[in-house]
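I opened my notebook to get to know a new structure, and you are welcome to read along. Here it is, followed by what I looked up.

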Amino acid sequence: MGNDIELLFNNIMMDLAFLTMSWKHMLGRPTYTIIASSNFVDQGKIPLAVITTIKKLKSGYINGTRVTLGNLNGFLSTSCVTNLSFLGSQEIGMPYKLNTEVEQYLDEHIVKSFTNQSTLLTRMPNKNTKIKRKMSVKGAIKKTRSFMLDAEERRIQVAETLAASNLLAQRSPSPENNLVMPPKREHHRPRLHSRFKASTELLYAEAEMDGILSMLSESDLEEKGDILQFLVDTYGLEYDTGMKEDCKPVLVKDLLKLLYEKACQQNHWGLVRHTAGMLGKRVEDLAKALTDLLVRQKQVTIGMPPFNEHTISTPLPEGELRQVIHDAYGDDESTAMLTQELLVYLAMFVRTEPQLFLEMLRLRVGLIIQVMAGELSRTLNCSGEEGSEHLFNLSPFEMKNLLHHIMSGKEFILSSVGRGNFSVVSYKSSHVSKKSQIEGLLLTDQSEVNSEALESDRQGQWLRRRRLDGALNRVPREFYKRVWIILEKCCGIAIDGKLLSQSLTQEMTSGELKFALAVETVLNWIPHPEYRQLIVETLMIFTLYAEQEISPTPHRIITIEDFVHKANELFLQDQIAINGDATLCCAKVHKELTQAGSLLCGGAAYICQHFYDSAPSGSYGTMSYIIRAIAYVLEDSLGLTDVECSIS
């Protein structure tokens, strides 16, 4: 992150905004020091971001904050200066020399890199050793990534895992309740990675280290990364390559450090993130970033849903936090480092723009990463794998920019900036409100709703909106209180096989954070964000029955997905009648499925994708069908017959 000049100067403006918010009842004026370095110059030119920021600072105002720009010497006379004398060697009479333990600590943690003139990655170790180019391991890094697979293959893997866990349950039932917990992450990437590793071991069975290093010297930067990935997998970071640099043995780790530095110089961000993860690096102030989120009552989950999400609800030391993140992703160093990066950006946003996090209790970083990759795929009109690759290769500044657009609900377009890189640009003419659509419909008088805001002429808009809200765990205002009202009127609420018991209303109040987290825990078992959001909408609509005392028998458990699937069924019936778009996929007498057993349209949880993409309002809106489905399912207990529930 420190190698991206655009991000550094964007962070300066965010830091000043944070100081403006925080420095209200304190004496004096804060001094913000910018240390100019050679990184500020790119190929002999000063980057535009540096020039633009300095011009704004020089003007005396930046984002509404008064500032004074000058050299540090000019501020010393009016500054409060603190002497860090405790770092000196006072005991031996040398106060200006660093304490031995401090110096040793800094030597261990400061990056000790080779000189730029090093030829370790370009020299030819032994001309007598020949190795064929066909033995290249191009794509080794990509094979380690845990969410590079397209949706179809992911569904197949999930089905295989569920089948395996069911078989395990049959063979060795639990003595307590005959439930077997789903296996941890080993069913995802390691299966592919071990298959790849076995093939590469066959490739290199006859090759000696000199041959591998010879191939390393002939390859481009990306291939070097793939070769070093193989060396780390096979021999480990501490393996002696037999090469010498300044009369010292060169380890695999040393080659990896050099590759990391070259990738930083060339702005090859995907390789930078992966090699940083392999070297065990961690983002600066990682623990502080997590704490900033937690103290604002935002829990954090890491890992890829649905089987391997780790919830973090208490602050952790940096080393322990890094270990938890990397354990969640296993060999997937790229996603582990990206998770660290996103935690820092989320912490920046929560400090300076807390309104972005309204009605969000739990930040699921794994789902956010998936949605970011999906947004790139949609915008660039490419496959899921290509979208994931573009995501990893975004610069840190553009990564932060993309995350902000997703958090704020703004539309964006991608502008090519050369070398395969993209810039995220706001698309103001088609802004999508960050508020949940169901909130506006339930909490606003229908006669006052702007009809233009509810139009959904553009295909995919509402599906995307639901995916974003579901991935961000954003819910309408008063959502948890409304769920509490429903629980008061029935025996319990079943959501995707998990139960919210009525006893929670006796144990907790409607506005209690503990109750909201209990609801979130059940909702987070839903693997598909768009399906989760449809469940949330259904719960909000069902509250209307509970509030009007039109409720089912108190001894009945309300199964929310029954309403959703019935609403989808009614939608498909209407689609057949009007020959709608869904007749191409799900609206058929004999519904067709793919070989994996999923819908042709790719709709999650066997709900037609066209239903997800329907606006909430209107005769063919989701609200109309959900209300009709609730009346149909609860017709007997509600005493309703022949009720017209369509909304125009």
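Entry 1, the whole chain. I began with the surface: the chain exposes about 33200 Å², and carbon and sulfur atoms supply 52% of it. Accessible areas here come from the Shrake-Rupley method with a 1.4 Å probe, and for residues only the protein chains shown count as cover. I kept in mind that this is a predicted model, where local features need pLDDT of at least 70 and side-chain atom pairs count only at pLDDT 80 or more, while totals for chains, interfaces and linings use all residues. Residues are numbered from 1 along each chain as its sequence is written, and side-chain values use heavy atoms, with hydrogens and water left out.

I found 27 helices and 14 strands in the chain; these are DSSP runs numbered from the N terminus (helices are H or I, at least four residues; strands are E, at least two). Of the 648 residues, 47% are buried (buried means under 20% relative accessible area, exposed over 50%, partly exposed in between, with a 1.4 Å probe and protein chains only).

I asked myself: how many of the nine residues of helix α12 (residues 286-294) are buried? Seven are, so α12 is largely enclosed by the rest of the structure. Among them are Leu286, Leu290 and Leu294, along with Asp292. I looked at what covers these buried residues, and it includes α13 (318-329), α14 (333-352) and β9 (362-364).

I counted 16 salt bridges, taking a salt bridge as a side-chain nitrogen of Lys or Arg within 4 Å of a carboxyl oxygen of Asp or Glu. Asp292 turned up again here, linked with Lys288 and Arg351 in a network of salt bridges.

I then looked up Glu341 and Arg273, whose side chains meet in a salt bridge at 2.8 Å, N to O. Glu341 sits in helix α14 and Arg273 in helix α11 (residues 269-278), 68 residues apart. Glu341 counts as buried because its relative accessibility is 4%, and Arg273 is buried too, at 5%.

Next came Glu375 and Arg464, which form a salt bridge at 2.5 Å, N to O. Glu375 lies in helix α15 (residues 365-380) and Arg464 in helix α19 (residues 461-471), so this pair ties together parts that are 89 residues apart in sequence.

How values were computed: Contact means heavy atoms within 4.5 Å.
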